[in-house]
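Reader: I would like to go through this model with you and ask, feature by feature, on what grounds each label is given.

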Amino acid sequence: MAIIIKNGRVIDPASGLDAMMDVHITGEIVSRIAPDIPVESGCELIDAKGCIVLPGLIDMHVHFREPGSEDKETIIGGSIVAAKGGFTSVCTMPNTTPVIDNQALVRFIKLEAEKGPINVFPIANITKGARGEEITEMGELVKGGAVGFSDDGKPVLSSILMRRALEYARMFDVPIITHSEDTLLSDDGIINEGVTSTLLGLKGIPREAEEVMIARDVLLARLTRGRLHIAHVSSGGSIEIIRWAKSRGVQVTCETAPHYFALTDVAVEEHLSMAKMNPPLRTEDDRTAMIEGLRSGVIDVIATDHAPHLLNEKMQELEYAPFGIIGLETAVPLVVSVLVKRNGFTLCDAFRPLTVNPSNILGLGRGELKSGAAADITIIDPEKKILVDDSFIISRCKNTPFMGMELYGSVEYTICSGKVVYGGGI
Amino acid sequence: MLQDGVVLSIFLRERGHAIFLIIYVDSLSGAPITYGFKMNGLKRKDLLDIQSLTTEEISLICQSARYFKDLFTRSVKTVPILRGKTVCTLFYEPSTRTRISFELAAKRLSADMINVAVATSSVVKGESLIDTVHTMEAMKADYIVMRHAASLAPHFLSKNIEASVINAGDGFHAHPTQALLDTYSILEKKGTLNGLRIGIVGDIKHSRVARSDIEAFKRLGARVVLCGPPTLVPDEFKIYDVDISYNLDEILPELDVVNMLRIQRERQKGSLFPSLREYHQQYALTEDRLGRCRSDIIVMHPGPINRGIEIDHRVADSPNSIINEQVTNGVAVRMSIFYLLAGGTPLEEMEKV
């Protein structure tokens, strides 16, 4: 089956291509990118007039809750939501029940994902049972399909264990992905420690709880020459530490999430538990530091940390409600509205952190739009407005502080391995 | 003929407002006394924090509290302003004075009072806050007076229910009725807050009373200084435009009012201060320290007091102390709040009273 995408503006952040081109897809592969490709008979035509045509987006940090909390989300259900958000590849975090610390569970995720519309790459645990005591059988896990290791949701508190993980994982050339938080310092805090937490009388999480662990982890990466990826960076100080480490040749990459460049802790007063996540929303200085970090390239990746929670869990006192918000469906609108429209990012710069960068960090071999590449393609209308409301969000959990917002950037089509998985009536 | 203890209440309508008159005979003089109240007080459903009140509303609450104090400290204590209304007190944290104060205020206004004892309710079966309160609403509760250990719990509730929510203290965040009664108590003694130097001493960081007091005192023109160790008085409080001092002896001589906060013993375990002994040495209001204050200083405490820790026995009972009067004023201020929140309720019903 062949598809031709006509009249679109083709953007490939990997090569810097930004031109009006047509894209020809044959089977699962991009066969040709050129101006004015003639339409053959029997070929499906997609008119991308006014749209940008991008490599399929990659979200390297999602929580699909299966196995264990299928009432919140499943691997297939989450994949459908991701396709709607413009994503053709996602990496699932292993803090499920049970956690993903053996090969059979990695294979389970891969098998389940085959029934869904997009590529799912599992991330397995750094430590057995996520207990932070012994490292997992990383070789077996990589063989099963794990693309990285993380105990996301909690930090590896033991420095010696972190050292061993970084050292041991070197032989597989996969990153250790850290949830950097000194939980003794965050001390059951609820939101960012600062003026807002003081005014609202909420226990604060100081930015230093994140920064001290990032400082430790980059030093351990320097010691071991291991590959470190830091998940969900939220504080400007963290960016400074990572910039320093990169300048010294430490193999470190990092990600931030759209909510950290779109919102500040002030949102907590209005949205209460819908604006509660860990790490917490910080201040305006941090928000702009995320934007500048993305602009300068110190921040490599935008990942959503998509974390579904049931309404009845969120409809509680702020203190008791769980951390986390969904993000797959609002990522593209936020990138377009905040980075491109408001902060003048080029489309290549805005989408590099959602395509080639995560692919390179995890060795996914995707995230590029060129002849011969896998036909993973996302088509976005950057001028079309969307309203985030109950019907727009198809995720079964609707825990998002962006509810009610009108944003630019509508995902029109998502094509995964040559197959339209969202858009055009699907 | 009117007799002592018999209250005649009349509603009149004037320029769109209802006026509520209470007439009774003073037990001492035998003379009839008349009080008139306009029934359009606060144009809001809830009382959540001081921040959301206008300065005029703060003044209004204090002004009408004066009439209610006058009323209920006489022999006739009950007026039918809230007859037919139901007030539920829902306390997720232990409390003596605040809960009793609210209950008395509601009863003096002739409301039906339900106290939900959380420890014996469905809450212990795991019922969520929102379900518990929806149950009360289904039974047509008009006012929910809630104390909760979690900051912003009343705000969360007010967004999701119809009934009026009155915050009786939430986490470290706000205790607006305490701040209003503190403000009223100072007004009663000093006539104004404008230009007064008010010290708040102790665990500011974990105090909802401090946050609400600062807001109310500042609003009425007072100059506020916070005092305690840096672990309990974080720099972030400067956002309120207050001074911060770590030295009680330095600030005491300039104070017109000092509000001593209760120090919670469990804070010591978190290493926020090394021992109660050292805390007492540095920050307790001792007789010796009181001797170095202005002679007309007002000593306040929101209670319950730890005698010998933040305040010495004799100081708490000294002529400068208005700690017990604060409790009396608390009932008057809460009556005033109920009354003003009731403004805009269907008056036809009340006119049949």
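Author: What follows is a set of questions about pockets, cavities, the interface, salt bridges and backbone features.

Author: The model is predicted, so local features need pLDDT of at least 70 and side-chain atom pairs count only at pLDDT 80 or more, while totals for chains, interfaces and linings use all residues. Residues are numbered from 1 along each chain as its sequence is written, chains are lettered from A and ligands numbered from 1 in the order in which they are written, and side-chain values use heavy atoms, with hydrogens and water left out.

Reader: What makes a space a pocket rather than a cavity, and how much space lies in the largest pocket?

Author: On a 1 Å grid over the protein atoms alone, a cavity is a set of points where a 1.4 Å probe fits but cannot get out, whereas a pocket is an open set with protein on both sides within 12 Å along at least five of seven lines.

Reader: What makes a residue part of the lining, and which ones lie nearest the centre of the largest pocket?

Author: A lining residue has an atom within 4 Å of a point. The largest pocket has 32 such residues, and nearest its centre lie Glu93(B), Gly171(B), His206(B), Arg208(B) and Gln264(B). Helices H2 (97-108), H6 (208-219) and H8 (266-269) of chain B each give at least two residues to this lining, where helices (H or I, at least four residues) and strands (E, at least two) are DSSP runs numbered from the N terminus.

Reader: How is the lining of the largest pocket divided by class?

Author: Ala, Val, Leu, Ile, Met, Phe, Trp, Tyr, Cys and Pro count as nonpolar, Asp, Glu, Lys and Arg as charged, and the others, Gly among them, as polar. On that rule the lining of the largest pocket has nine nonpolar, twelve polar and eleven charged residues.

Reader: How many cavities are counted, and what lines the largest cavity?

Author: Six cavities of 30 Å³ or more are found, and the largest cavity has a volume of about 90 Å³. Its lining includes Arg97(B), Gln178(B), His301(B) and Arg334(B), and H12(B) gives the most to that lining, with four residues. The second largest cavity has about 70 Å³, and among the residues lining this second cavity are His179(A), His232(A), Asn278(A) and Pro279(A).

Reader: How do you know that chain A and chain B touch, and what is the buried area between them?

Author: Contact means heavy atoms within 4.5 Å, and 18 residues of chain A are in contact with 20 residues of chain B. Buried area is the accessible area (1.4 Å probe) that two parts lose on being put together, summed over both; for these chains the figure is about 1,700 Å², 64% of it on carbon and sulfur atoms. Of the area that chain A buries against chain B, Thr198(A), Met315(A) and Glu317(A) supply 32%, more than any other three residues.

Reader: Why is the pair Arg396(A) and Glu73(A) called a salt bridge?

Author: A salt bridge is a side-chain nitrogen of Lys or Arg within 4 Å of a carboxyl oxygen of Asp or Glu. The closest N and O atoms of Arg396(A) and Glu73(A) are 3.8 Å apart, so the pair meets the rule. This pair links distant parts of the chain, 323 residues apart, with Arg396(A) in the loop between strands E16 (377-387) and E17 (406-416) of chain A and Glu73(A) in the loop between strand E6 (57-62) and helix H1 (75-84) of chain A. Over all chains there are 43 salt bridges, but the count between chain A and chain B is zero.

Reader: Which peptide bonds are cis, and where do their prolines lie?

Author: The bond from Glu66(A) to Pro67(A) is cis, with omega near 5 degrees, and Pro67(A) is in the loop between E6 and H1 of chain A. Another cis bond joins Asn278(A) and Pro279(A), with omega about 0 degrees, and Pro279(A) lies in the loop between H10 and helix H11 (284-296) of chain A.

Definitions and conventions
Grid points are joined across faces, edges and corners, and a volume is the space filled by probe spheres set on the points.
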